[in-house]
Amino acid sequence: MHAVIVSNGFPPSKELLEEELKSADLIIGADGGGNTLLNHGHTPQVVIGDMDSFNKPEAPDFEIIKDADQETNDLEKALSLALYRDVETCTVLGAFGRRMDHSLKNLSVLKRFDAAFNELLFKDERLSARLVSSAYSGKLPVGSIISLFPLSGKVTGITTKGLKYPLNNEILENGERDGTSNENVEEEFSIEVESGDLVVFLEN
């Protein structure tokens with residue numbers, strides 16, 4: 001079962017939203033993300049959050065869940081609901097933008113929930129973000145952006161194949177060395193990690 005969650009960051013374009021919704025079994029608005037869905041002419045199945053951003057219609061024909069817990073943000077609430085409803089793969093739109101602190105928080109949310117899904121992607125108009133803690137292989141047109149960010153602060157034993165600036169059992173560490181704006185020189189590429197949590201940003 002696949003879910004699409006629309007969060008309340010920078011809203012996706014109508015084109016991106018509609019492309020992602022084609023494969024959705026469950027559509028969730030994370031509080032103000034419900035506004036984005038409705039504004040683009042799509043009805044969520046559920047809107048969940050503390051309801052400080054969602055403009056509730058007079059007669060909604062979908063489920064609304066108010067959760068005032070301030071220990072979790074609206075995206076965490078939406079992801080928890082997706083798991084409760086047996087979702088296995090999930091794409092999140094609108095996780096980034098608007099506020100820098102919210103964007104950083106949502107990278108933390110990615111780390112918290114990644115292991116619970118078979119696949120969890122955060123996606124915007126240009127890039128998709130996924131967490132890699134052991135190994136990942138992919139296929140993209142040559143010259144696509146592939147950025148590596150050490151979310152856990154320090155990630156060791158990184159080995160890449162098929163990238164322009166290769167790493168061979170090396171370390172990336174915040175404030176010391178990162179892997180922003182790498183790219184692939186072969187369609188098929190791979191990334192292996194020995195320890196730590198690496199966020200990999202891939203050009204769509």
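How many nonpolar, polar and charged residues are in the lining of the largest pocket, by class? The lining has three nonpolar, 12 polar and eight charged residues. This is a predicted model.

**Largest pocket**
- The largest pocket has a volume of about 360 Å³.
- Its lining is made up of 23 residues.
- Ser7, Asn8, Asn73, Asp74 and His102 lie nearest the centre of this pocket.
- Helix H3 and helix H4 (100-113) each supply at least two residues of the lining.
- H4 gives the most, with four residues.

**Second largest pocket**
- The second largest pocket has a volume of about 180 Å³.
- Residues lining the second largest pocket include Asp114, Phe117, Asn118, Glu119 and Leu120. Arg130, Leu131, Val132, Ser133, Ser134, Ala135 and Tyr136 also line this pocket.
- Strand E6 (119-123), strand E7 (127-132) and E8 are the elements that give two or more residues to this lining.
- The largest share, three residues, comes from E7.
- By class, this lining has six nonpolar, three polar and three charged residues.

**Nonpolar cores**
- In soluble globular proteins, nonpolar side chains tend to be buried together.
- Here, the largest nonpolar core has 28 residues.
- Ile5, Leu79, Cys90, Val92, Leu120 and Phe122 have the most contacts inside this core.
- Helix H3 (residues 74-84) provides the largest share of the core, five residues.
- Leu79 touches Ile5, Cys90, Val92, Val109, Phe113, Phe117 and Leu120, leaving aside residues up to four places away in sequence.
- Another core, of 16 residues, lies apart from the largest one. Tyr136, Ile146, Val155 and Leu167 are among its members.

**Strand E8**
- In a regular strand the side chains alternate between the two faces of the sheet.
- E8 spans residues 135-139. Its covered face holds Tyr136 and Gly138.
- The uncovered face of E8 holds Ala135, Ser137 and Lys139.
- E8 pairs with strand E13 (residues 188-192) in the antiparallel sense, over five bridges.
- Within this pairing, Lys139 stands opposite Glu188 in E13.

Notes. Residues numbered from 1 in each chain as written. Predicted model: local features only at pLDDT ≥ 70, side-chain atom pairs only at ≥ 80, totals over all residues. Heavy atoms only, no water. Buried < 20%, exposed > 50% of the residue type's maximum accessible area, 1.4 Å probe, protein only. Pairing = 2+ DSSP bridges. Core = buried A, V, L, I, M, F, W, Y, C linked by side-chain atoms within 4.5 Å. Contact = heavy atoms within 4.5 Å. 1 Å grid on protein atoms, 1.4 Å probe; cavity = no way out; pocket = protein on both sides within 12 Å on 5 of 7 lines; lining within 4 Å. Points joined across faces, edges and corners; volume = space filled by probe spheres on them. Nonpolar A, V, L, I, M, F, W, Y, C, P; charged D, E, K, R; others polar.
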